[in-house]
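Open the structure in your viewer and keep the selection tool at hand. The stops below say what to select next and what is there.

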Amino acid sequence: MLSSLKNLIDKLSQKSILQKEEWIFLLSNRNSELETYTFEKARQVVIQHYGNKVFARGLIEFTNYCKNNCFYCGIRCENRKVERYRLTKEEILACCRNGNELGFKTFVLQGGEDPFFTDERILEIISTIKQAFPDHALTLSFGERSFASYLAFKNAGADRYLLRHETANSKHYRQLHPKNLSDIPRKQCLLDLKQIGFQTGTGFMVGSPYQTIENLADDMLFIADFQPQMLGIGPFIPHEDTPFADFPAGSVELTLFLLALSRLLLPQVLLPATTAMGTLDPQGREKAVLAGANVVMPNLSPLSVRKQYMLYNNKIATGLEAAEGVQKLADSMAAIGYELVHERGDYC
């Protein structure tokens with residue numbers, strides 16, 4: 001069986017399309033020897049395209065208000081225990097200045113779906129950031145908007161947009177979200193973003209409630225078809241104030257395997273080692289890089305609000321916005337043979 005599994009990894013490395021049953025076979029029968037083989041292949045691919053660089057992005061979590069009530073999310077609108085906040089334009093710009101002083105060339109503006117931040121307000125923030133830092137890349141990540149809104153954001157200077165599809169299977173999507181949300185408009189948003197010309201990112205949780213191996217195979221098929229420039233894959237971690245509080249966290253090992261498979265599927269993709277990985281495993285980020293990831297996102301949000309952006313239990317907030325913290329992250333990357341760099345790190 002191992003030889004058949006390795007043959008599928010080789011097939012994937014040669015840019016051949018895998019069928020659903022092949023994805024299921026791979027994911028159902030993974031073992032340590034297959035993982036080691038796949039990780040090595042993934043490292044070869046990322047080195048070929050990006051060298052040993054790991055790109056640092058400065059993350060700014062600018063609002064934890066959200067109109068949605070997703071069952072897995074700690075900032076869901078019905079969670080009354082959350083201390084809500086919104087950063088002002090001036091506070092956001094101060095985060096950017098701090099990031100610029102630390103050398104970051106990409107800012108990631110992330111938040112819940114907050115109606116307060118109208119298109120007009122978002123456009124003002126984009127314009128202010130791009131005027132102050134014209135050579136920096138700006139990534140947006142705050143959910144579903146109209147085609148016209150996305151187009152206006154792009155025309156104002158935004159470069160990238162992250163919108164995880166969460167799960168490609170419609171039935172599973174309904175199990176994770178309230179009835180007013182559907183996977184159909186979400187997938188349309190992704191198509192809109194790509195059509196407009198954003199470097200577009202999607203992704204999913206590993207081990208989310210009710211997820212099956214077949215669901216994960218659907219995710220890989222969706223990604224193969226969509227061909228995103230960025231891909232966020234991290235383990236599900238429960239939050240104590242959600243309907244999924246008692247569900248177990250996703251597997252770090254399975255997440256690593258899916259990261260490596262994604263690197264082989266999309267050789268040039270920008271693939272983060274997520275905070276969730278570092279939350280579940282102290283060496284999670286390093287293990288993710290050794291499985292093919294090449295992006296990390298230190299948090300530039302003010303310390304005063306960082307613990308309020310708690311999507312899941314025990315989310316790490318280690319102060320990596322400080323120069324000393326960034327150096328520690330650089331040292332941890334160097335220890336495994338990689339270089340933390342502060343370039344824009346565009347898709348190539």
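Select α5 and α6 first: α5 passes α6 in a right-handed crossing (a crossing is right-handed if the near helix is turned clockwise from the far one by less than a right angle, left-handed if anticlockwise). Helices (H or I, at least four residues) and strands (E, at least two) are DSSP runs, numbered from the N terminus. The contact, meaning heavy atoms within 4.5 Å, is made by D119, I122, L123, I126, S127 and K130 of α5 and by S149, A152, F153 and A156 of α6. The two helices pack at an angle of about 20 degrees, and their axes are 9 Å apart. Axes are lines fitted to C-alpha atoms, for helices over the stretch in contact, and angles run from 0 to 180 degrees between N-to-C directions. α5 and α6 are therefore roughly parallel to each other (angles under 35 degrees count as roughly parallel).

The model is predicted: local features need pLDDT of at least 70, side-chain atom pairs count only at pLDDT 80 or more, and totals for chains, interfaces and linings use all residues. Residues are numbered from 1 along each chain as its sequence is written, and side-chain values use heavy atoms, with hydrogens and water left out.

Keep α6 (residues 147–156) selected. Which residues of α6 are buried? They are S149, Y150 and F153, where buried means under 20% relative accessible area, exposed over 50% and partly exposed in between (1.4 Å probe, protein chains only). These residues cover an arc of only 95 degrees around the axis, which puts them on the same side of α6; the arc is that of the directions from the helix axis to the C-beta atoms. On the other side of α6, A148 and N155 are exposed. The buried residues of α6 pack against α5 (119–132), β4 (137–141), β5 and α8. Step just past the end of α6 to G157, which takes a positive phi of about 125 degrees.

Now show the strands β2 to β7. In what order do the 6 strands of this open sheet run? The order is β2-β3-β4-β5-β6-β7, with parallel pairing (two strands pair if DSSP finds at least two bridges between them). β2 (58–63) and β7 (230–235) stand at the edges with a single partner strand each, so one side of each is left without a neighbour in the sheet. On average, neighbouring strands of this sheet are turned by 20 degrees against each other, direction ignored.

Zoom in on β6 (residues 199–206), which pairs with β7 in the parallel sense over 6 bridges. The bridge partner of T202 is L231 in β7. Helix α8 (residues 183–196) packs on the sheet, touching β5 (160–162) and β6, and its direction makes about 150 degrees with that of β6. Select α9 (residues 213–226) next: this helix lies across β6 and β7, running at about 175 degrees to β6.

Move to another open sheet, where 3 strands stand in the order β8-β1-β9 with parallel pairing. Its edges are β8 (295–296) and β9 (339–341), each with a single partner strand, so one side of each is left without a neighbour in the sheet. β1 (residues 53–56) pairs with β8 over 2 bridges in the parallel sense, and F55 stands opposite V295 in β8.

The last stop is K287, in helix α12 (residues 284–290). Its relative accessible area is 37%, so K287 is partly exposed. Leaving aside neighbours within four places in sequence, K287 is in contact with L256 and D281.

How values were computed:
Parallel < 35°, antiparallel > 145°, perpendicular 65-115°, else oblique.
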